Amino acid sequence: MTAAVETVAPRAARPSAGPWRQALRRLARNRSAMIAAAGLVLIVLACALAPVYAGSIAHTDPFTSNASGTAVVNGARVPVLAQSTEGLGLGVTPIGPTWNPGSFFLGADNQGRDVMARLLYGGRNSLMIGLSSAALCCVLATLLGVLAGYFGGWIDAVLSRFFDVIWAFPVYLLAICLSVVLLTSGLHVGPIHIDAGSLALPVVIIALIYVPYVARPLRGQVIALRNKEFLHAAVGLGASDLRIMRREVLPNVLPTVVVFLPLMTALNMLTESALSFLSVGVQSPDASWGTIINDGLALLYTRPAITIAAGLCVGLTAVALNVLGDGVRDALDPNARLRGGA
Amino acid sequence: MIGYILRRFGAAVLVLFAISVLVFLIFFATPGVDPAARIAGKNADPATLAQVRASFGFDRPLPVQYVLMMKHLFVSHDLTSFVNRGTLVIPQIIDAVPVTLSLVVGAAVIWMVLGVGMGTLAGAMRGTLVDPLVMLLGVFGVSLPVYWLGEVVNLITQKQLHGSVFSWVPPLGYAPLSQGVGQWALHLLFPWLTLALLYAGIYARLLRGELINALNEDYVRTARAKGLSERRILIRHALRCSLIPIVSLFGLDFGALVGGAALLTEVVFGLPGVGKLTYQALQNLDLPVIMGTVLYAAFFVVLANAVVDVLYARLDPRVRRA
C-alpha cells in the first residue's frame with residue numbers, strides 16, 4: 001500500500017507535471033536504473049573515443065594486418081606474432097595482454113591487430129547496430145501494430161497472419177536465412193539499395209525479425225483503445241482516421257514503445273553478436289563484439305583475454321540495458337509496481 | 001479437447017507451409033544473384049550451374065520450383081550439397097538430430113527443475129538472500145551470450161583447472177548412447193549446465209513475479225481463512241496458477257533453442273548436432289544444407305509450440321474455447 005501513496009504524492013504536490021515528466025522523476029529515483037544508465041554512458045563514451053585511443057594513445061590501425069609488427073614489453077622489443085613453440089611449430093601466437101594502455105593493452109589477435117582498439121571500434125558497431133535496429137524495429141512495429149489494431153478487418157487479418165508466421169519462425173534461423181542471401185548480393189528493393197558489406201544490412205535484418213515481438217502487444221492495446229469513449233468522441237467530432245491515430249491512439253501506446261526500446265536494444269545487440277559469431281553478421285574488416293569473440297575462439301586456450309574481454313563488453317552492456325529497461329517499465333507503468341510484480 | 005487438438009495441429013501444418021514458402025522465397029526469389037549460383041556455392045563451374053538449373057527447374061515458374069524443392073527435401077530425400085560434392089543433405093540432418101535432442105532435452109529438464117525450484121523459493125522467501133540472487137541470475141539470463149558463457153566454461157574445465165578440479169571432464173565432443181549412458185551424460189554435462197543456467201534464471205525470475213502476484217489474490221486469502229497450511233497454499237494453490245505462463249514460455253523457448261541457442265552451444269562444445277551442421281554450412285555458404293536444417297528446425301519449433309498449446313489447454317480449459 002505504501003507504493004500507492006508514493007506514486008500519488010508527487011502528483012498532488014506538483015499538479016502541473018505531465019505523465020512523461022512524472023515517469024522521468026520516478027526513473028531518477030530508481031537507484032539501480034541510474035547506476036545502469038551511468039554505466040551505459042561510460043561504455044558509449046569509451047567507444048565513441050575509439051579513434052582517439054587508436055590514434056593518440058595506442059598509435060595503431062586496428063583494421064590492417066600487422067603480422068611483422070613489434071611491441072615493447074618490459075623494455076624489450078618483441079614481435080607481435082611469435083612463432084608457435086608447441087606441436088609442429090606451424091601456427092603463430094599473438095602477443096598477450098601487456099596491461100600497458102600505450103600498446104597492446106589486451107594483446108593482439110591472430111593478425112597482429114591491437115585487441116583493445118578493435119574492442120572500442122567493435123563496440124561502436126555493436127551499439128550502433130543494437131540501437132538503430134531497435135529504433136527501426138519499434139517504428140515499424142508501431143506503424144503495423146497501430147494499423148492492424150485500428151482498422152481491424154482484412155488489414156488486421158493479413159498483418160496478424162504475417163506476424164504469426166514470423167513469430168513461429170525461430171529468430172536466429174530467419175536471420176541466418178536473410179543474412180546468407182543478402183550478404184552475397186546486398187538488398188535492392190525499390191528505392192532502397194544496401195551494399196553487400198554494409199553495416200545497414202544486419203540493422204535491417206535484425207529489425208525485421210523482431211517486428212512481431214513489439215507489434216503484437218501494441219495491436220492488442222490499440223484494439224482495447226478502440227472502444228474507449230475518448231476515441232468515440234474524436235470520431236463524433238469528425239476527425240479523420242489519420243488524425244485519430246496520430247493524436248489519440250499514438251500518445252496512448254507510446255509509453256509501451258518506450259519501454260520496449262532499451263530491452264530491444266539489448267536483445268538486438270545480443271542477436272548481432274550471435275550472428276557475427278556465426279560469421280553472418282558484421283563482415284571483415286569491420287569489427288563488432290561478436291566478431292571479436294569469434295576471432296578469439298581459435299585462441300581461447302592461449303590468449304583467453306580476447307574472448308573474455310569482448311564477451312564481458314556484450315554482457316555488461318546488455319545487463320545495463322536490461323536493468324535500465326526494467327526501471328523504465330516501472331517508471332512508466334506504476335500499476336506493475338502496485339501489483340508487486342517483478 | 002479432441003476438436004481443439006485437431007484445430008491446433010491443422011494450424012501448425014498451415015504455419016509450416018507458410019514458413020517453407022517464406023524460406024523458399026528468401027533463397028530463390030530475392031532479387032540480386034542467380035539462385036543457381038547461390039546453390040552451387042562459390043566459384044562453381046558452368047557445368048555444375050547447368051546441372052543445378054535443371055535439377056531445381058530454374059527455367060520454370062516459381063510454384064513449380066517450389067514443388068520441386070519440397071520434393072527434393074521431403075519425398076525423394078536426394079537434395080545434394082554442391083560444396084561437399086555428392087553429400088546427401090537429409091541423411092546428414094537425420095544423423096545429427098539425436099545429438100541436438102540430447103542437448104536440448106537434457107538442458108530443458110535441468111532448467112525447469114532449477115528455475116521452478118529457485119522461483120518458488122524466492123517467491124516464498126521474499127526479502128531473504130534468495131531473492132536478489134534469483135533476480136541477478138534472471139538479469140544475467142537475458143544478458144549473457146550463451147556461446148560466450150560456453151567458451152568460458154570450456155576455458156575453465158578444459159584448460160585452466162583441467163589439471164586439478166576438472167580432470168574428470170572428457171574432451172569436447174559427443175558420445176552416443178551406444179557407448180553407455182554414463183559417457184553420454186558426462187560429455188553433455190557442461191553443455192547442459194551452460195544452457196540451463198541462463199534459462200533457469202529467466203524462469204525463476206518470471207515465476208517469482210507470478211507467485212508474488214498470486215499470493216496477493218483473493219483465493220489465497222480464502223485458502224488461508226480456511227486454515228490451510230502455508231506450504232499447501234503455496235504449492236497447491238498459488239504455484240499451480242503461476243506455472244501456466246511458465247509452460248507457455250517453455251514451448252516458445254524449447255523451439256527457439258532447437259533453432260538458435262542450441263546452434264551456438266553445439267558450435268562451442270563441438271557437438272555434431274544440427275546446429276553444428278548449419279554452422280559448417282554457413283562457413284562455406286552451402287545453401288542446400290542451410291535450407292534443409294532451417295526447415296528441419298522450423299518443423300520442431302512449430303511442433304513444440306503446438307504440443308505446448310495442447311498441454312496449456314489441458315491445464316487451463318478456458319483456452320479450448322478461444
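Colleague: How many residue pairs are in polar contact between chain B and chain A?
Modeller: Between chain B and chain A there are six residue pairs in polar contact, both residues being at pLDDT 80 or more. A polar contact is a pair of N or O atoms within 3.5 Å; within protein, one must be able to donate a hydrogen and the other to accept it, and residues adjacent in sequence count only if both atoms are side-chain atoms.

Colleague: Where does that pLDDT limit come from?
Modeller: This is a predicted model, so local features need pLDDT of at least 70 and side-chain atom pairs count only at pLDDT 80 or more, while totals for chains, interfaces and linings use all residues; side-chain values use heavy atoms, without hydrogens and water. Residues are numbered from 1 along each chain as its sequence is written, and chains are lettered from A and ligands numbered from 1 in the order in which they are written.

Colleague: Thanks! And how many salt bridges are there between chain B and chain A?
Modeller: The count there is one salt bridge (a side-chain nitrogen of Lys or Arg within 4 Å of a carboxyl oxygen of Asp or Glu).

Colleague: Which residues form a salt bridge there, and how far apart are the closest N and O atoms?
Modeller: A:Asp326 pairs with B:Arg205, and their closest N and O atoms are 2.6 Å apart.

Colleague: On chain B, which elements give two or more residues to the side that touches chain A?
Modeller: Seen from chain B, they are helix 1, helix 6 (130–143), helix 7, helix 8, helix 10, helix 11 (274–283) and helix 12. Helix 10 of chain B gives the most to that side, with eight residues. Helices here are DSSP runs of H or I with at least four residues, strands are runs of E with at least two, and both are numbered from the N terminus.

Colleague: What classes of residue are on that side of chain B?
Modeller: The side of chain B that touches chain A has 35 nonpolar, 11 polar and six charged residues. Ala, Val, Leu, Ile, Met, Phe, Trp, Tyr, Cys and Pro count as nonpolar, Asp, Glu, Lys and Arg as charged, and the others, Gly among them, as polar.

Colleague: How many residues does the contact take from each chain?
Modeller: Chain B gives 52 residues to the contact and chain A gives 46 residues (heavy atoms within 4.5 Å).

Colleague: What area is buried between the two?
Modeller: About 4,100 Å² is buried between chain B and chain A, and carbon and sulfur atoms give 75% of that. Buried area is the accessible area (1.4 Å probe) that two parts lose on being put together, summed over both.

Colleague: Which residues in chain B lose the most area to chain A?
Modeller: Those are B:Tyr147, B:Trp148 and B:Glu151, which together make up 15% of what the chain B side buries.

Colleague: New topic: what is the secondary structure of chain B?
Modeller: Chain B has 13 helices and zero strands. Reading from the N terminus, its elements run α-α-α-α-α-α-α-α-α-α-α-α-α. The C-alpha atoms of chain B fill a box of roughly 80 × 60 × 40 Å along the principal axes.

Colleague: Back to salt bridges. How many over all chains?
Modeller: A search of the whole structure gives 11 salt bridges. One of them joins A:Arg118 and A:Asp295, with the closest N and O atoms 3.9 Å apart.

Colleague: Which parts of chain A does that pair tie together?
Modeller: A:Arg118 lies in helix 5 (residues 115–151) of chain A and A:Asp295 in helix 11 (residues 289–297) of chain A, so their pairing ties together parts that are 177 residues apart in sequence.
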